[in-house]
Amino acid sequence: MLRSGSLHFKRFTFTFLVASRRNYSSMIRLAEKSKTQSFTKAFPPDERVPEPSIAWDETKWDLTHKPRQLKSGAFSWVLPEKRDQYKLLTVSRPALNDLGLPDSEEHDNEFFRIVSGQAYNDNPTAQEREYPTPYSQCYAGWQFGSFAGQLGDGRVVNLFEIDNHDNTSKYEIQLKGSGKTPFSRFADGKAVVRSSVREYVISESLHALGIPTTRALAIVTLPHTWAQRYAAENCAITTRFAPSWIRIGTFDLYRWRGDRKGMRTLSDFVISDVFGGKEAVLNNFNNQEPEFAKIVKEEWDEEKFGEFSIYDLMYLEIVVRNAKTVSQWQAYGFLNGVLNTDNTSVLGLSIDFGPFAIMDKFDPDFTSNSEDHTLRYSHRNTPGAVFWSLTRLGEDMAELIGAGPTILSDPHFTEEGIKKEWENQIVTRATAVIELAAILFEHIVTKEYGQLLMKRLGLSSYEEADEQLLLDPLRDMLQKTKLDYNNFFVQLQEAYLKEIDNEGIRSLAESITKSNEDNIVEELEKWLQIYVERLNKHGYEDVDLERRNISSKVNPLFLPRNWIFDEVIQKLADDPSDNRYLKKLEKMAFNPFDPLRWGHDLKDTEAKWLSTSDQVSMLQCSCSS
Ligand code: AMP
Ligand code: MG
C-alpha cells in the first residue's frame, strides 16, 4: 500500500473568480415500501458489532453508542437514541413526490415513527416489522488541510433504501441528529433546530435550482431535548436521502488503514452500485462533450500509460461530477463553508450543510464560515478546495489508478501487493491520471460556470473571449457597486433593452443601482454598454423576449439568504407550534422560479424576503450545529 507521503503531488490551487401528474393509486406508504440495504451487504461490519441483533441488545448499549476507534469494518450497527418527546415540524412535498410517497404521509403514524426514530425504540419495533437494522458509516477525512483520522456518522443512522417514484433509482434514507454512535468523537450526537432547518431548506432549495445535492424529507423536533451550542438550543432530527452517502472521506479511511483490499472493494462498489456498472462509467466517459475528448487525447500519453482502466474512469467520473456541481455553486454564489474530504460526495452532490451561505453580494474573498480565517473555503477558493480534496482521492486510489490495465490484471497485484519493480511506474501513472484530472476539472469549471453566467445574462452562447470581454468586467462591476448578486440578474432580465441608447443605459444604471453616487452608476453604465454590444453581436430579433426566455429558466426570483434563515429560526424559537414562516420559506425556496406557488399568506414577509438590506447581508456562521 502506498502510504500518504510516498506521493508528492503539487498542490493544485486554482483561483477562479471564479410536476408531473402523480399516479396516486401506485403510491406506497413508507411503512410498506420494500426496504433494502446495499452498503451493509457489500462491506464487513465493525468486528465488535458483527451482527445487527447486537444493536437491539440493551445490555450492549455502550458498545454501539460510545465513541471509539474501529479496528476494522466499514460501519457499525446502531439504533437511534430514545428521546422524551417528538413533534413532526415539516415534510417536504417535493421530496415525498420524488420518493413516490403519498402526501398523506404527513398524517401517517408509522411514517412519523420512522422519521423520528421512535419505530426503533417503541412497540411495535422496527425489528418486529422486519425493517433493516440502522447503521452508521465509518469514514475518515482531511479537515482544513490536515488529516483528522477516523470520522464517521457521528450523529447519523442510515435506515434503508427505497426505490424512487418511477423505480429509476434508489435512495438511502437516514436520520441526522438521532443520537450518539461509535463515531461521535467528543460530540453529543445531536443536531439543533437551527441547523436542521438550515440543512432541510437548503438541500431542497439547491435541488429546485437543479444543483446536485443530498435531499431532505422531514424535520422532527425534540421539544425536551437540548444541546449546548451558542446557548442551550432545542434539538431536532432531519430525515435526509441520497442515492449514496459515500464520500472522499470513505476512501481516506482505507488509505489510513493501509487496507488495499478494502480500497478495491470500495472502488468496485462505487462502480457497480453507485455509478450503475462498468458500462455506465465507460458510456459517461465517452459521452462527454468533444472538447473533453480532445483534452484527453492531447494530455494522456496512451503509448506510455496504456488505455484507461475502469478505476481511472471511475476517478475521472468523480472529478467531472464535482466539477459540474462546483460550477453551479459558483454561478449562484453558494458556499458550503467546510469543504473537507468528508464533505465531498463521490456523486458530486452538495452535502453536509453547516456554515453555508448564498452570497448576497459578489465578493471573491467572502467565506461563509466565520472560523475560516485563511479563506480556504471562500468563493474564490472553492474550486481549488474541491480539487484539493479530489487530489487526496487520487492519492487514496494511487495504486488502482497507477497500476493500469496490465498490472491490475496480474494476480500478484490483487493477492500480494506491489512488486518493487512496479513502484515507479505506478507512481508516475497515478500522477499522470491526477494531472489529467486537474486539467479536465479546470476546463469543466471554467466552461460550465461561464456558460451558466452567460445564460443568467440571457446569452445562449459562450466563447472564451467572453471571459475577458464580458464576465471579468461583470464581476469587477458587481464587486465595486455592491449590488445584490442574485437580484442583479433578475433586474437585468426584466429591463427593456430593445433599441436602447446611451441615455437609456444611464437611466437603467440609475434605476438598478438606486444610487446617488456617480461612480457607482458609472460602473454599471460602463458594463451595460459592453453588455448591449455583446447582445448586438449575438443578433437577437426580439432581444428582450429571447434574453428572457433563456435567463428566466436559470434566474431564481428567490434564494434563501442567511438573514432569512435567522428570521424563520427566531420565529420558531419564539413559538415552536407556529411553523407558518417555515412553510412560507419552503414555498418560496422550493419553487424559486414560480411566484404563483408562493401562496397567499404572509405577503409582507414575502416582499421583505425579496428585498435587500445592507445591514443583514453577507452573514457568516460558525461550524457549531
Ligand atoms: P461536519 O463538519 O458536520 O461534516 O462533521 C464532521 C464530523 O463530526 C463528522 O464525522 C460528523 O458526524 C461529526 N459531528 C459533527 N457534529 C456532531 C455532533 N453534534 N455529534 C456527533 N458527531 C458530530
Ligand atoms: Mg461531514
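The domain assignment divides the chain into domain 1 (34-245), domain 2 (255-452) and domain 3 (562-616), with bounds taken from an automatic or database domain assignment. The structure is a predicted model, in which local features need pLDDT of at least 70 and side-chain atom pairs count only at pLDDT 80 or more, while totals for chains, interfaces and linings use all residues. Residues are numbered from 1 along each chain as its sequence is written, chains are lettered from A and ligands numbered from 1 in the order in which they are written, and side-chain values use heavy atoms, with hydrogens and water left out.

We turn to the interface of domain 1 and domain 2. The centres of these two domains, taken over C-alpha atoms, lie 27 Å apart. Contact (heavy atoms within 4.5 Å) links 37 residues of domain 1 with 34 residues of domain 2. The size of an interface is often given as the accessible area lost when the parts come together. Here the buried area (accessible area, 1.4 Å probe, that two parts lose on being put together, summed over both) is about 2,900 Å², and carbon and sulfur atoms give 64% of it.

Two salt bridges cross this interface, a salt bridge being a side-chain nitrogen of Lys or Arg within 4 Å of a carboxyl oxygen of Asp or Glu. Twelve residue pairs, both at pLDDT 80 or more, are in polar contact across the interface; the term stands for a pair of N or O atoms within 3.5 Å, where within protein one must be able to donate a hydrogen and the other to accept it, and residues adjacent in sequence count only if both atoms are side-chain atoms. On the side of domain 1 that touches domain 2, at least two residues each come from helix 1 (39-42), strand 4 (140-143), strand 5, helix 6 (193-209) and strand 9 (232-242). Helix 6 gives the largest share, five residues. Helices (H or I, at least four residues) and strands (E, at least two) are DSSP runs, numbered from the N terminus.

Strand 5 (residues 146-150) includes Gln150. This residue is buried, at a relative accessible area of 5%, where buried means under 20% relative accessible area, exposed over 50% and partly exposed in between (1.4 Å probe, protein chains only). The Gln150 side chain reaches the backbone oxygen of Arg68 at 2.9 Å and the backbone nitrogen of Leu70 at 2.8 Å. Not counting residues up to four places away in sequence, Gln150 also touches others, including Tyr139, Phe183 and Trp256.
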